[in-house]
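Visitor: Could you show me how to read a protein structure, one feature at a time?
Guide: Gladly; let us take a look together.

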Amino acid sequence: MTTSELTLPQVRKEGRQSRRVMGAGKQLHAGPVTYLVLAVFALVSLAPLVWTAIAASRTDRRLAETPPPLWFGGNLFKNMQTAWDEAGLGTAMLNSVVVAGAITISTVLFSTLAGFAFAKLRFRFSGFLLLLTIGTMMIPPQLAVVPLYLWMADLGWSNQLQTVILPTLVTAFGTFFMRQYLVQALPTELIEAARVDGASSIRVVWHVVFPAARPAMAVLGLLTFVFAWNDFLWPIIALNQQNPTVQVALNSLGTGYVPDQAVIMAGAFLGTLPLLIAFLLFGKQIVGGIMQGAIKG
């Protein structure tokens with residue numbers, strides 16, 4: 001049908017459709033309300049970190065006064081040095097990097113493999129095993145502290161880093177998270193095509209599963225690293241002050257008859273800095289991976 005044969009309503013409809021198609025590729029621009037809402041959320045999110053830095057730059061006497069300080073003082077580096085020396089944060093930082101790094105790598109790897117198995121492989125009792133895995137998330141971790149400590153003591157691993165690493169090599173949340181992602185993001189036809197081409201199971205996982213799961217692996221890795229770095233309950237039970245992680249070392253700053261709040265805040269600020277640095281270095285790649293997975297999905 002030519003343009004001359006179209007009626008006036010049809011011409012108007014064709015014009016609206018063409019404008020929608022042309023506008024689909026244009027970049028959307030946020031309005032002032034969007035920027036205002038984002039600014040409010042950013043300020044609320046940064047407020048605890050800013051207050052920690054302000055308190056760390058003051059003296060303990062100034063923090064006890066009313067009203068509290070609302071701007072930075074001149075004792076930040078002095079208090080940070082005091083916290084570093086008193087808590088032994090050098091060893092603690094290294095231990096936390098080892099623990100959080102090992103937990104993150106193992107959790108991402110094993111959770112991806114288990115999630116792929118539950119999502120795409122057929123085996124007996126798969127539904128029951130998945131339900132059992134999810135059910136473990138409902139058990140409070142405090143219930144496992146005593147038997148877990150006795151088990152680690154029988155292995156002779158008391159006050160050693162592997163005591164903290166071993167119980168969290170893989171998590172039920174990570175397995176369920178990767179399973180839910182791979183169900184939608186990994187087409188079964190792609191796996192079958194790799195099988196037809198003669199790919200082994202290892203090659204299928206390496207060349208098909210891992211590339212498809214990369215965005216979810218990045219998100220899970222970030223969440224796991226933050227959780228492992230900030231974990232306090234099990235490390236304070238399993239480790240001592242001679243071989244601590246950051247959170248265990250910071251606990252020693254609160255001891256004493258009159259704890260110095262400014263030094264405690266300085267230690268907390270030091271313990272947060274590695275997380276901020278990691279996000280600044282890898283945040284762009286993580287967000288890019290998330291957006292890549294969203295576009296593919």
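What follows is a short tour by question and reply.

Visitor: What should I know before I start?
Guide: This is a predicted model, in which local features need pLDDT of at least 70, side-chain atom pairs count only at pLDDT 80 or more, and totals for chains, interfaces and linings use all residues. Residues are numbered from 1 along each chain as its sequence is written, and side-chain values use heavy atoms, with hydrogens and water left out.

Visitor: How many helices and strands does the protein have?
Guide: Helices (H or I, at least four residues) and strands (E, at least two) are DSSP runs, numbered from the N terminus. Here the protein has 14 helices and zero strands.

Visitor: What percentage of the residues in the protein is buried?
Guide: Buried means under 20% relative accessible area, exposed means over 50%, and partly exposed is in between, with a 1.4 Å probe and protein chains only. Of the 297 residues in the protein, 30% are buried.

Visitor: Which contacts does Asn79 make, and is Asn79 buried or exposed?
Guide: Asn79 sits in helix 4 and is buried, with a relative accessible area of 8%. A contact means heavy atoms within 4.5 Å. Not counting residues up to four places away in sequence, Asn79 touches Ala56, Ser57, Arg58, Ala262, Val263 and Ala266. For the protein, take contacts between residues at least 6 apart in sequence: 71% of them join residues at least 24 apart.

Visitor: At what angle do helix 4 and helix 5 pack?
Guide: Axes are lines fitted to C-alpha atoms, for helices over the stretch in contact, and angles run from 0 to 180 degrees between N-to-C directions. Helix 4 (residues 76–87) and helix 5 (residues 89–120) pack at about 75 degrees, and their axes are 6 Å apart. That makes helix 4 roughly perpendicular to helix 5. The scale is this: under 35 degrees is roughly parallel, over 145 roughly antiparallel, 65 to 115 roughly perpendicular, and the rest oblique.

Visitor: Which residues make the contact?
Guide: Helix 4 brings Ala83, Trp84 and Ala87, while helix 5 brings Leu89, Gly90 and Met93. Ala, Val, Leu, Ile, Met, Phe, Trp, Tyr, Cys and Pro count as nonpolar, Asp, Glu, Lys and Arg as charged, and the others, Gly among them, as polar. The contact of helix 4 with helix 5 therefore has five nonpolar residues, one polar and no charged.

Visitor: How much space lies in the largest pocket?
Guide: Rolling a probe the size of a water molecule over the atoms shows where empty space is left. On a 1 Å grid over the protein atoms alone, a pocket is an open set of points where a 1.4 Å probe fits, with protein on both sides within 12 Å along at least five of seven lines; lining residues have an atom within 4 Å of a point. Grid points are joined across faces, edges and corners, and a volume is the space filled by probe spheres set on the points. The largest pocket holds about 1000 Å³ of space. It is lined by 33 residues, and the closest to its centre are Pro141, Pro167, Thr168, Thr171 and Phe227.

Visitor: Which helix gives the most to the lining of the largest pocket?
Guide: Helix 11 does, with six residues. The lining of the largest pocket divides into 23 nonpolar residues, nine polar and one charged.

Visitor: How far apart in space are Val170 and Phe110?
Guide: Val170 and Phe110 are 60 residues apart in sequence and 6.0 Å apart in space, C-alpha to C-alpha. Val170 is in the loop between helix 8 and helix 9, and touches residues including Phe110 and Thr107.
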